[in-house]
Amino acid sequence: MNKNIAVLPGDGIGPEIIEQAVKVLDAVAKKYNHTFTYNYALVGGCAIDECGDPYPEQTHSICCNADAVLFGSIGDPKYDNNPTAKVRPEQGLLKMRKSLGLYANLRPIEPFDALLDKSPLKEERIKGANLVIVRELTGGLYFGEPRGRSENGEVAFDTCVYSKKEIERIARKAFELAIIRKGHVTLVDKANVLATSRLWRETVTDLYNREYKDKICKATGETIKLDYMFVDNAAMQLVTAPTFFDVVLTENLFGDILSDQASVITGSIGLLPSASIGDKVALYEPIHGSFPQAKGKNIANPIATILSAAMLLETSFGLTEEANAIRKACIKAVENKKYTPDLANPGQSCLTTQQVGDYIAGIV
Ligand SMILES: NC(=O)c1ccc[n+]([C@@H]2O[C@H](COP(=O)([O-])OP(=O)(O)OC[C@H]3O[C@@H](n4cnc5c(N)ncnc54)[C@H](O)[C@@H]3O)[C@@H](O)[C@H]2O)c1
């Protein structure tokens, strides 16, 4: 198979972790006789430094012409510590999601058996947890207008907007996933307070009643279930009873926060991949940010990015066997304690980012 992959390393640890994922993709290409061509492009702070735009036209064009996009992370303290900066790396991320129409972010969360003791949560609570957060990615508070500051600077405001159309298209993704997973969708919202959340409940319930309530889950042989949970309760249930969840469907801000929280189930945010899909090319990225404190130190965990590459192969190219080979190699790496400092106990020896990449690439 011949495929073009747009590669956007971004800022902070982005280039280091992307290098490992590309190494693993190359190993897969060699073993399974594929040709992957990589086109690199700038996004985030490095793009602002280079051309004053966090998502330049050239990057957009490279993404549009690719079969899939592999992305690292954006963000730099230079901008984080300057709230008045007019052009910011995060604008690049939001513009990229919006212009590529990436409205659904899928974040699978399943702890590695060998790492159950790494989570701050009790082993008996997290064993068997296997959920996916389906986060809406191009609406809500991150995009709504008007937004900004009052003239005297004393007041700031953001607007949360959702349309039925936006809700229905992502709800459909959640129900389709439930059919091939465990048959259970939980809509997480704040319908007791927010008008947008009430629109979410109404729209998702209508769609369920119309099209999904009689659909059969392949694994359970039963009809698809839909239930609802307020986001504050969901935050608590995710850490006290994570095995309750299968598909968590939620809006942009809630999904952003809950998926970082859910990462503690696995022991490190450096393990969690994601896929952002829409109507055009899909994008794959770790759920974490640019971890600027680790930039250039060769200590960041590359597994989230390597697993994102596995999602890319399976979801965009239909290469399930190759994707599973990567997943198995990652499992073997953690079982053999070939991991970065975030997973090591105090005093325990560990590998560098590059060594973990080499190890996984060597055994796929
Ligand atoms: N998608 C993105 O690119 C994205 C997402 C979130 C934050 N950000 C940006 O990243 C910058 C830093 O934000 P932050 O500190 O809140 O979030 P972060 O995810 O970069 O880091 C938070 C903490 O998670 C851990 N961590 C993250 N990635 C890791 C890895 N690969 N291996 C081991 N540990 C890891 C570290 O302990 C780190 O201190 C900011 O500029 C922010 O805007 C970008």
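Trainee: How do the residues of the shell around the ligand divide into nonpolar, polar and charged?

Mentor: The model is a predicted one. Its ligand shell holds 9 nonpolar, 8 polar and 3 charged residues. Gly counts as polar in this division. Of the 20 residues around the ligand, the nearest are Gly75, Gly270, His288, Gly289 and Asn301.

Trainee: What makes residues of helix α13 buried?

Mentor: The criterion is 20 or more other C-beta atoms within 10 Å of a residue's own. In α13, residues 353–363, Thr353, Val356, Gly357, Ile360 and Ala361 are classed as buried, so each of them meets that criterion.

Trainee: How do you know on which side of α13 they lie?

Mentor: They cover an arc of only 130 degrees around the axis, and therefore they lie on the same side of α13. The cover over the buried residues of α13 includes α1 (14–32), α11 (303–317) and α12 (320–335).

Trainee: Why are β2 and β9 called edge strands?

Mentor: The sheet is open, with 10 strands in the order β2-β1-β3-β12-β11-β4-β5-β10-β8-β9 and mixed pairing. Both β2 (35–40) and β9 (225–230) pair on one side only, which is what marks the edge strands. On average, neighbouring strands of this sheet are turned by 25 degrees against each other, direction ignored.

Trainee: What makes β4 and β11 a pair?

Mentor: Pairing requires at least two bridges. Strands β4 (residues 104–109) and β11 (residues 273–277) have 3 bridges, in the antiparallel sense, so they pair. Within this pairing, Ala104 stands opposite Ile277 in β11.

Technical notes. Residues numbered from 1 in each chain as written. Predicted model: local features only at pLDDT ≥ 70, side-chain atom pairs only at ≥ 80, totals over all residues. Near = placed C-beta within 6 Å. Buried ≥ 20, exposed ≤ 12 C-beta atoms within 10 Å, placed from the backbone. Helix = DSSP H or I, 4+ residues; strand = E, 2+ residues; numbered from the N terminus. Arc of directions from axis to C-beta. Contact = placed C-beta atoms within 7 Å. Axes fitted to C-alpha atoms, helices over the stretch in contact; angles between N-to-C directions.
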